[in-house]
Amino acid sequence: MSRPPAGWESRPCEGTPIELWYGPDREFGEPPEESADERQWRERRALDICRTCPFTKPCLEEELTFSITHQWGVRGGMTAESRRELLRSRRTAAAAKGVVA
């Protein structure tokens, strides 16, 4: 996003703990510190906050500028896995049309 939209600084996620969006802080290569149930609860909570946000679309589009391998956490109203799948489908659609993505 080249320039945040007006009101960006008052989005609902502002001031929430970063762990809500990305999970517990850990060193690269360490196993997750949360169970699958804990991760699902955390992601549902983050997605609930995203649903109240008027900036979901620009947030998502910004995240989609990153490659599939650089998708982490909940952003733009989607989990990292959902964004990876969206990027894969966009790439498949572009390939079907003969467009290099």
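Modeller: A contact means heavy atoms within 4.5 Å. With that in hand, residues 24 or more positions apart account for 42% of the contacts in the protein chain with a separation of 6 or more. Keep in mind that this is a predicted model.

Biologist: What makes up the pattern of the protein chain, read along the sequence?

Modeller: The pattern is α-α-α-α. There are 4 helices and 0 strands.

Biologist: What does the C-alpha trace span along its principal axes?

Modeller: About 40 × 40 × 20 Å.

Biologist: How much of the protein chain counts as buried?

Modeller: Of its 101 residues, 30% do. The protein chain exposes about 7,200 Å², and carbon and sulfur atoms supply 55% of that area.

Biologist: Why does R11 count as buried?

Modeller: Buried means under 20% relative accessible area. R11 has 18% relative accessibility. The value is under the cut-off, so R11 counts as buried.

Biologist: Where does R11 lie, and which residues does R11 touch?

Modeller: R11 lies in the segment before helix 1. Leaving out residues up to four places away in sequence, R11 touches C53 and F55.

Biologist: Why does A6 count as exposed?

Modeller: Exposed means over 50%. A6 has 77% relative accessibility. That is over the cut-off, so A6 counts as exposed. A6 also lies in the segment before helix 1.

Biologist: Why is I18 called exposed?

Modeller: The cut-off is again over 50%. I18 has a relative accessible area of 51%. That is over 50%, so I18 is exposed. I18 lies in helix 1.

Biologist: What makes E38 partly exposed?

Modeller: E38 has 45% relative accessibility. The value falls in between, so E38 counts as partly exposed. E38 lies in helix 2. E38 and G23 are 15 residues apart in sequence and 9.3 Å apart in space, C-alpha to C-alpha.

Biologist: What is the volume of the second largest pocket?

Modeller: About 260 Å³. Its lining has 19 residues, and the closest to its centre are R11, C13, W21, C59 and R75.

Biologist: Which elements give two or more residues to that lining?

Modeller: Helix 1 (18-22), helix 2 (36-51) and helix 3 (56-63). Helix 1 gives the largest share, 3 residues.

Biologist: How do you know that R11 belongs to the lining?

Modeller: A lining residue has an atom within 4 Å of a pocket point. R11 is one of the 19 residues that line the second largest pocket, so R11 has such an atom.

Biologist: How far apart are the mean positions of the positive and negative charges?

Modeller: They are 9 Å apart, for 16 positive and 17 negative charges.

Notes:
Residues numbered from 1 in each chain as written. Predicted model: local features only at pLDDT ≥ 70, side-chain atom pairs only at ≥ 80, totals over all residues. Heavy atoms only, no water. Buried < 20%, exposed > 50% of the residue type's maximum accessible area, 1.4 Å probe, protein only. Areas by Shrake-Rupley, 256 points an atom, 1.4 Å probe, with all protein chains shown as cover. Lys, Arg positive; Asp, Glu negative; His and termini not counted. Charge placed at Lys NZ, Arg CZ, Asp CG, Glu CD. 1 Å grid on protein atoms, 1.4 Å probe; cavity = no way out; pocket = protein on both sides within 12 Å on 5 of 7 lines; lining within 4 Å. Points joined across faces, edges and corners; volume = space filled by probe spheres on them.
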